[in-house]
Amino acid sequence: MLPVLLVLLVQPAAAHPQCLDFRPPFRPQWHLEFCSEYEEFGCCDQGTDNTIAERYWTIIEHLEMDGAELCQDMLKEVMCQECSPYAAHLYDAEDPYTPIRELPGLCFGYCSEFHGKCGHVLKYLTENQLLLDTSERDMSTFCSIVDLSDQDYCYPNVLRSPDLNTNLGAVAEDPRGCLQLCLTEVANNLRNPVLMLHSADDTHRMFIAEQVGFVWVYLHDGSRLERPFLDMSGEVLTTPWMGDERGFLGMAFHPKYRDNGRFFIYYSVQVNGMVEKIRISEMRVSADDMNVADSYSERLILEIEEPAANHNGGQLLFGHDGYLYIFTGDGGKAGDPFGKYGNSQNKSALLGKVLRIDVDRRGYRGKPYEIPADNPFLRDPEARAEVFAYGVRNMWRCSVDRGDPVSRYGRGRIFCGDVGQNRYEEIDLIVKGGNYGWRAKEGFECYDIKLCQNPSLNDTLPIFAYSHHVGKSVTGGYVYRGCESPNLNGLYIFGDFMSGRIMALEEEKTLGLWKERSICMGDKKTCSFPGLINHYHKHIISFAEDEAGELYFMATSYPSAMTPYGTVFKFTDPSRRAPPGKCKQKPLPVKVRGKKFPFVPREVTLLNADEKPTRPAPRKLKLTTKPPKDDDGGQRDYRGQRDDRGQRDDRGQRDTDRGQRDYRGQRDDRGQRDTDRGQRDYRGQRDDRGQRDTDRGQRDYRGQRDDRGQRDDRGQRDDRGQRDNRGQRDTDRGQRDYRGQRDYRGQRDNRGQRDDRGQRDTDRGQRDYRSQRDDRGQRDDRGQRDTDRSQRDTNRGQRDTDHGQRNTDRGQRDTDRGQRDTDHHRSKAEKKATNQRSKRDDRGQRDTGHGQRDDRGQRDTGHGQRDDRGQRDTGHGQRDTDRGQRETDHGQRDTDHGRRDTDHGRRDTDHGQRDTDHGQRDTDHGQRDTDHGQRDTDHGQRDTDHGQRDTDHDQRDTDHGQRHTDHGQRDTDHGQRDNDHGQRDTDHDQRDTDHGQRHTDHGQRDTDHGQRDNDHGQRDTDHGQRDTNRGQRDNDRGQRDNDRGQRDTDRSQRDTDHSQRDTDHSQRDNDHGQRDTDHSQRDTDLGQRDTDHGQRDTDHGQRDTDHGQRHTNHGQRDNDHGQRHTDHGQRDNDHGQRHTDHGQRDNDHGQRDTDHGQRDNDHGQRDIDCGQRDNDHGQRDHGQRDTDHKRSKAEKQTKTTEEK
């Protein structure tokens, strides 16, 4: 028992490809330019692919305008999941009862990476505020929401599962290799529908014939016309007996029906109330109504007398040669007993044959048809010229192969199903002059030994035969050549009337052999598409194809010509469909006179056809055609920002290294944006003095300059109103925070200039293969994207190294510049000390050695003043020396700060890596807990199943007890019945017939009730599951709300920590020390958590052991139940023997009843003789009167015909 349960637990995921339009995937007709990975098989055609690409490029343009990381690869992967063959699963849309996600289901690991790199893209992919808020607060909760419960279907796991990707797009098969198909109900409430065909006139009407003689018209929209196309019920011979083979059996439209309106019918008729015949006639459509036949246009083509009521054939069809083929039965009874060799082997008889005639020409002496010149027995004096093939028993349903839609292979072949006698049913391929063996052979085996051993037999073997263990009455089918189910192309699909089994044959063209493929109905998951069903009625009467080549079959639950239980079903492949638009039909208009009845399905579908998934429309993003203007009238730079003079920078290029505006994009009090982390306060307002609160990028507490109008020593002006030796802002280790701050690569060098090329940072900022620019702003020569991710990572690492080297060089240059300035000031000081004083020359010019303007065009006022005699102060050399030393000290201090920042950055990186490792460990633990929870759920379900099984066993025991009680009661009844037999002998036969009919009706009614109860039970189960899902969703929402509150608290605490950390470098050092302490504490906590997880795993192991012991106990209980059932079976055998004895006693009574019946028959024969004598007397008196009446009626009918 335990191995069986383990096998059940490890069942692979059932593949169920499905698109967002609730239909199977397909292979696109044309190449996909954007989501090219799904051009072999998926859910997107070229139009959908272009739509996704357009949305993608719109998002990319928005990201470029915002100067954000483009992350094209991951964005494209996420957006292209609409084209995945499992799109319905990825968007959680397997049924129409739940809304479709706006984002596909992403596996947790991939979601974490996507959130880290492309979190800023979410606002362009969804308007779901819950997702957006959760994404900003907490990655883990966001990814938990985006993840799928079924890990086989989340991206990218769905690409790696062999169970989901093996034979993707092929017809689904069950473990036995049976092809799983689904059905659509097309028509119902029909009385033994024996055929369905189209008129090939581009109206796509379907004509369905009932055995009783009515032919109905069904329009392309599924509605039925009120008036029948043809009513032959007054002429057709049939009865309400179950299984009667007589009636309206065949019909065929002329190949040029659109022009001539001719069609042909095949039906049973009784002539003069005595002789039964089959009649083939020609009729025409009415000149006034294209949906009604002219009932007076019948022209007799051929009549053949039928010696028995069965084996009537009934197939008419036109071959591609334009001739009419007629398929007749062997005449009936069993074993073809007519003549020495039977009708089938007698070429001079028309029964048991395939006939071929030319109905477009008249034959010799007014014959309504002509014999084709290439008929095989045209010149055989011992054969009928109409014979095309012979040796058939009772071919029921034949078809002409349309041929492969591309290669036309197989076009014109005729397939037939020939019903067998006692052992075999066969499928034949009709060839000219072929002898198909009956009655010498049945299938591949001998039936009549003498005829079978005749060396002149030269029979044509069937392409396939099956025994009566599989079915007892074959119904021929069609080779599928339609458009909607490409996987079925070339399969010959047929069935069996008695067993209800559907089969298929697949041709091995190289060997010329046909291989059997079983067909079964798909399970509930496979057929979970709107309007599909996976069940049908048992008795398969006929197959059909429509004008487009799609395949249908007709079946009934009660095969009687008078009962309206017939239904028409259409085959559908749930694994693959044709590309959208490929199979679109444009039927010609049909002029309808009278009422139409819309189709109302009666079969229970797996999903409601009217329910469609609810999915919000994709967002439409619009870009302005011109960049907006600033308040002072100047043009914005590439990102819409100006410098402090309202003009662009020196190259007018955007800073693309992750630099973003603040959330409202406002400027500060000097027309510049606050770039310290790009954020305003929560309202984006200025403070009480007209200046903005920049939170960590602030001026002094009044927001004003100090007493000298100078900024502090970090990113602000020094005491001379100049920038420090690097001229760079303090950006907290050169990087912006996660909301779009600049990193260390977005800084200008000491001259306020951009790097050596002024180019954008192209690391991760490249467009994909359709719109990429190279390092000079030009597009590449092919517009192809670089798909080698490993090469891109290598390049990124090289660029990082180059940036580090560039920063090192810049620091070295700054050091050298400081040293040069120091040397320059020292040399000048020495020179001035020697000369003592410097005078103006006789031209009145200034001393230009120290009076140069600084980098802002200002004069150096600290030491370039004249004294009261117009001479410079001689002490400025020493001051210059001191100032140079001070600047050197500043440079050294800045170097120390940079080194310290580097160390802090490295430490932060280590901490971030450690946090990532801890987060991954927590994720693993969470996944393990989820697995344990799932295992507990499975154990609980298994225990519930065991409990249910025990309940079933108890119920079965109760049923056995009741059965034994019934057996005892039945034995008592048998004794009473034996005493009552003498009284019941007179009316016993009639009562038994009535009882049999009543029991059949009760059995059918019980079956219907059982089916209805099963449907109710399934519906209740679905409702319960839906309620459970709703409760689970409510619990998840509550948990998400709790997590949101906790994340808000954490975020507030994090903001407080950031404020404290960013006060100054000293405070940051303290914070880093505290953070190390916190990390140590967190490591301790994580160690404790790991210990707890280990203890929990131990508990789970103990629980699994308990479950195993419980399952062992259940297995022992099942063995006990099995032994009890064996005892019940033995007791049932004893009861069966007792019933056999009672049956023997009933047989004796039946023999006695038969004797009584014979005596009654003798009396009845005597009464018949008396009635015959009375009829003879009455015939003499009324014969002349009847003759006169018939003559007058015939004359009247002749006159009416002449008038018409």
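Predicted model: local features only at pLDDT ≥ 70, side-chain atom pairs only at ≥ 80, totals over all residues.

Q: How do the axes of H5 and H8 cross?
A: Helix H5 (residues 108-118) and helix H8 (residues 139-146) have axes that come within 9 Å and cross at roughly 130°. That makes H5 oblique to H8. For the angle classes, under 35 degrees is roughly parallel, over 145 roughly antiparallel, 65 to 115 roughly perpendicular and the rest oblique. Axes are lines fitted to C-alpha atoms, for helices over the stretch in contact, and angles run from 0 to 180 degrees between N-to-C directions. Helices (H or I, at least four residues) and strands (E, at least two) are DSSP runs numbered from the N terminus.

Q: Which residues make the contact?
A: On H5 they are Phe 108, Cys 111, Ser 112 and His 115, and on H8 Met 139, Ser 140, Phe 142, Cys 143, Ser 144 and Val 146. Contact means heavy atoms within 4.5 Å.

Q: And how do those divide into nonpolar, polar and charged?
A: Six are nonpolar, four polar and no residue is charged. Here Ala, Val, Leu, Ile, Met, Phe, Trp, Tyr, Cys and Pro count as nonpolar, Asp, Glu, Lys and Arg as charged, and the others, Gly among them, as polar.

Q: Switching topic. Strand S13, buried or exposed?
A: Five of the five residues of S13 (residues 353-357) are buried, so the strand is largely enclosed by the rest of the structure. Buried is under 20% relative accessible area, exposed over 50%, and partly exposed in between (1.4 Å probe, protein chains only).

Q: What's on each side of it?
A: Lys 353, Leu 355 and Ile 357 are on one side, Val 354 and Arg 356 on the other, and all are buried. In a regular strand, side chains alternate between the two faces of the sheet.

Q: Which strands does S13 pair with?
A: Strand S12 (residues 324-327) pairs with S13 in the antiparallel sense over four bridges, and Ile 326 stands opposite Leu 355. Three bridges join S13 to strand S14 (residues 387-390), also antiparallel, with Val 354 opposite Ala 389. Two strands pair if DSSP finds at least two bridges between them.

Q: What's the order in the sheet that includes S15?
A: The order is S15-S16-S17-S20, in an open sheet with antiparallel pairing. S15 (395-400) and S20 (464-467) stand at the edges with a single partner strand each, so one side of each has no neighbour in the sheet. Neighbouring strands there are turned by 15° against each other on average, direction ignored.

Q: What about the one with S7?
A: That is an open sheet of four strands in the order S7-S8-S9-S10, with antiparallel pairing. S7 is joined to S8 (residues 262-271) by five bridges, and Ala 252 has Phe 264 as its bridge partner in S8.

Q: Last one: where is Asp 957?
A: Asp 957 lies in helix H15 (residues 876-984) and counts as buried at 14% relative accessibility. Its C-alpha atom is separated by 8.2 Å from that of Arg 1124, 167 residues apart along the chain.

Note on methods: Residues numbered from 1 in each chain as written. Heavy atoms only, no water.
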